Amino acid sequence: MQRWKHTIAYEIYPSSFQDSNGDGIGDLNGITSRLDYLKSLNVGAIWLTPVYASPMVDNGYDVSNFYEINPLYGTMADMDNLIAQAHKRGIKIVMDLVFNHMSDQCEWFKESKSSRHNPKSDWFIWKDGVAGEPGTRPAPPNNWRGIFGGSVWEWNEERQQYYMHTFATQQPDLNWENPDVRQALFDIANFWIKKGVGGFRIDAIPYIKKPNGFESGIPDASDGLVSVHTMTVNTPGVLDFLQEFKKNVTQGKDVFTVAEANGVGPDDLKYWVGENGAFDMLFEFGHLHDVEIWCKPSPYGIMDFKKALLASQEATAKNGWYPAFFENHDKPRCVNNYFSERVAADPKLRVLAAKAMATLLLTLRGTPFLYEGQEIGMTNVQWNDLEKYDEINTKAQYKMALQEGFSHEQAMAFVNRFSRDNSRTPMQWNADANAGFTTGKPWLSVNDNYVEINVAAQESDPNSVLNFYRRLIALRSSNANLDGGPFTALLPEHEQMMAYRRGDGIVVLVNLGETEVEYDGRLVENRKLLIGNYEGPFESSGVTRVLRPLEAVIYGM
Ligand code: GLC
Ligand code: CA
């Protein structure tokens, strides 16, 4: 039985979840102390973003040693304890494998950069530059722009060569063409399986294969560069590496895999997941409003969101399995991301929106992945001060916005809208100092709204977002239609409403708009209202019925 299909997964960003020793940084013992809370949400798997040794340039996604725990988070004994305590509660720990790149401080890279002739000389991607005037440094090999801005190429004096980094300068890309590199990575994954982890989330994996010629592309901004994403994502050949990973690491073992696969769309699904695919699931980004250059956001509306969700549901109906997710540590909070500014600013609308998204998350076909704080409807921050932001991409994007001719105010508006720190502010546990996250000074400011939005307040309010999640989770786990039943879109062309059936029993209607909509009562004929996000007994009836702004309802037999 594929248990991961019937699990509720929960992503933890360790720095921001719970501090146990007052240093202002969340840690493993803090997570262990909150396992009963996660159990109360019926969570069956925790995805931990990286907790390995790291200089923390990209908050742990720059790993210097996969066999060690970052002392900021605790010790290997703390990790073993977390795994054991979680198991006791029927919860699996899912580790993040960052296999596209390493930290430039790892031993492998130190050796690789030391000369052109050492055993690890081609463990990373080294290229000669393009020679120019005698006596000047050669130019970078091509015009690719890294995900965090600037060229993907960094000059190295010792080797008189460039190395490639898809992300930050301090995150050199591994050379997957080298079988020794692949073996070393498989060994790491197997080490963690032996430790008893229940699965892996696999980071940035569609970038591991680079196109042979490393050729320049047509610039997409005034810096003359072109996105490395465009140039390298899902390059033919990547699946051979991934099948090898499966064969050497996960095949035949009781672990599940979920790949971060931005740029792998519904059409590719059958190669990536399912019986013959490399992974069990993949995070697809179609519905996320994913914006690579923040000052150039593409227009995005409810219909884009709805179309993307319908496309992924249609694809998994044929083959494979998706996680359902609307938030993670790289994206703004969902009540900000998918609705107008008015919604997040108005307490009543904000709660309705959080519950509407909850309704979708728990009723789509796929494994629901919650991100910490989503279950209480946490929101973006609005800091207007670049200094308060911590994460590396925010700084890079601010710079890029100025380069593209925007003013400071405009650049800050992009930052407030898209910064990854929006979802990385500390978890809001209660109304005490620092939201109960730490007794020290938090590494990243707590969102000011913690006094209203926090777990403790919501525990005691039967109508809270938190308790709404609990009711949805209970309904999902006790209802075979919701858990595994086929998905049938209803009203696919409707411009404001998501409407679908699960199995033959359940009908879900969600008004994603901020105005009322009418619908035909026959859609829910012979069914009763099981859950709705508005309070009170009022239920629309008759032939022509109404969904109020942001109203979400689930009808069943
Ligand atoms: C993934 C992670 C992100 C990180 C990047 C580089 O997208 O989710 O946080 O910065 O990979 O490892
Ligand atoms: Ca700590």
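1. In this predicted model, Glu514 pairs with Arg342 in a salt bridge whose closest N and O atoms are 2.8 Å apart.

2. For orientation, the domain assignment of the chain places 3-101, 179-379 and 450-468 in domain 1, while 483-556 make up domain 2. The C-alpha centres of these two domains are separated by 29 Å.

3. How many residues of domain 1 are in contact with domain 2? There are 27 of them, and they are in contact with 30 residues of domain 2. Between them the two domains bury about 2,400 Å², and 67% of this area is on carbon and sulfur atoms. On the side of domain 1, Lys306, Leu352 and Thr363 deserve attention, as together they supply 23% of the area that this domain buries against domain 2, which is more than any other three residues supply.

4. Turning to the ligand, the residues around ligand 1 are Asp58, Tyr61, His101, Phe148, Phe167, Arg201, Asp203, Glu260, His329, Asp330, Arg420 and Arg424. When this shell is sorted by class, seven of its residues are charged, three are nonpolar and two are polar.

5. Which side chains of the shell have an N or O atom at a listed distance from an oxygen atom of ligand 1? Among them is Asp58, where the separation between such a side-chain atom and a ligand oxygen is 2.5 Å. For Glu260, an N or O atom of the side chain lies 2.8 Å from an oxygen atom of ligand 1, and for the side chain of His329 the corresponding distance is also 2.8 Å.

6. How much of ligand 1 does the protein bury? Taken alone, ligand 1 exposes 300 Å², and the protein buries 95% of that area.

Notes
Residues numbered from 1 in each chain as written. Chains lettered and ligands numbered in written order. Predicted model: local features only at pLDDT ≥ 70, side-chain atom pairs only at ≥ 80, totals over all residues. Heavy atoms only, no water. Near = heavy atom within 4 Å. Polar contact = N/O pair within 3.5 Å; in protein donor to acceptor, adjacent residues only side chain to side chain. Areas by Shrake-Rupley, 256 points an atom, 1.4 Å probe, with all protein chains shown as cover. Nonpolar A, V, L, I, M, F, W, Y, C, P; charged D, E, K, R; others polar. Domains from an automatic or database assignment. Contact = heavy atoms within 4.5 Å. Buried area = accessible area lost by both parts, 1.4 Å probe. Salt bridge = Lys/Arg side-chain N within 4 Å of Asp/Glu carboxyl O.
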